[in-house]
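My notes follow in the order I checked things.

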Amino acid sequence: FARHTPMAILTVFAAGTTAILTPAPLVSRRGVSLAAASASLLPSPLPLHTALAAPPRISLTDRSGNYVVDIQKAAAGLEDPLAEPEGAFSTISAALAVAPAGSTVLVRAGTYTERVFVTRPGIQLLAEPGAVVAWRSDKPYEAALTVDLSEAASGGSVTISGLTVRHSSPSIAQNYAVYVPPPSRAASATKVELRDLDVSSSSG
């Protein structure tokens, strides 16, 4: 037998970040090298493009680019701001939180027990028949629907259409069903259009 200098064998594992150097003494018998046999015993490394593949992208919108709100998602116990394959949020507030200026938010039928704030110009909030925002509070200054562009850096129209708003509170301190304070100077030319809304409020 003849002993030779050990050789280091490099293997890149699936994580794609760890390289392990494994000393493998090469011993030959009758002139036959055992290096190939030693290397063949190691697991075959995965291709780097497989090991480092990015996770699948979850879309926040439907195929038309709209932010969809569906009460059925809330009933299924799913949490925001995670979206289903075609982008359905369980609350209007969650969709508005991620929808940039110029977006359309579609609200499916159902009762949404939440306060809704529109704070970006260029938003269209379009509700299907039967979509209801319901808010009852014992506190003052809690409108059910607020369009507040007082800190907007630019102008742009806001349209809210087809929504039913139900509001009630024993307090009469600015407890409106719908509240639209004056916009910022930068957004002074903004047009806020409330179209086909069914609004009711009971206070005091």
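Predicted model: local features only at pLDDT ≥ 70, side-chain atom pairs only at ≥ 80, totals over all residues.

I picked V105 and listed its contacts, leaving aside neighbours within four places in sequence. V105 touches Y67, V69, A95, L96, A99, Q124, L125 and L126.

**T159.** Next I went to T159, which lies in strand β13 (residues 158-161). Is T159 buried or exposed? I find it buried, at a relative accessible area of 8%; the cut-off for buried is under 20%. Beyond four places in sequence, T159 is in contact with I123, Q124, L125, E193 and R195.

**Parallel strands.** I followed the pairing of β14 (residues 164-169) with β11 (residues 131-136). The two run parallel and are joined by five bridges. V133 has V165 in β14 as its bridge partner. I then looked at β14 and β17 (residues 198-203), which are joined by six bridges and also run parallel. In this pair S169 stands opposite S203 of β17.

**Open sheet.** I traced a sheet of three strands in the order β9-β12-β15. The sheet is open and its pairing is parallel. Which strands stand at the edges? They are β9 (116-118) and β15 (178-179). Each has a single partner strand, so one side of each has no neighbour in the sheet. I counted two bridges between β12 (residues 145-147) and β15. L145 stands opposite V178 in β15.

**Salt bridges.** I searched the whole structure and found four salt bridges.

- E128 and R108 meet through their side chains at 2.8 Å, N to O. E128 is in the loop between β10 and β11, and R108 in the loop between β7 and β8 (110-112), so the pair ties together parts 20 residues apart in sequence. E128 is partly exposed at 31% relative accessible area. R108 is partly exposed at 29%.
- D198 and R166 form a salt bridge, with the closest N and O atoms 3.1 Å apart. D198 lies in β17 and R166 in β14, so this pair ties together parts 32 residues apart in sequence. I logged D198 as partly exposed at 38% and R166 as partly exposed at 31%.
- R136 pairs with D138, with 3.4 Å between the closest N and O atoms. R136 is exposed at 59% relative accessibility. D138 is exposed at 56%.

**Surface.** I looked for a nonpolar patch on the surface and found V180, V192 and L194. Together they have about 200 Å² of accessible area. V192 lies in strand β16 (residues 192-195). I logged V192 as partly exposed, at 32% relative accessibility.

**P129.** Last, I checked P129, in the loop between β10 and β11. P129 counts as exposed, at 75% relative accessibility. How many residues separate P129 and T164 in sequence? They are 35 residues apart, yet C-alpha to C-alpha I get 8.5 Å.

Terms used:
Residues numbered from 1 in each chain as written. Heavy atoms only, no water. Pairing = 2+ DSSP bridges. Helix = DSSP H or I, 4+ residues; strand = E, 2+ residues; numbered from the N terminus. Buried < 20%, exposed > 50% of the residue type's maximum accessible area, 1.4 Å probe, protein only. Contact = heavy atoms within 4.5 Å. Patch = residues over 30% accessible without salt bridge, like charges linked within 9 Å, V, L, I, M, F, W, Y side chains within 5 Å. Areas by Shrake-Rupley, 256 points an atom, 1.4 Å probe, with all protein chains shown as cover.
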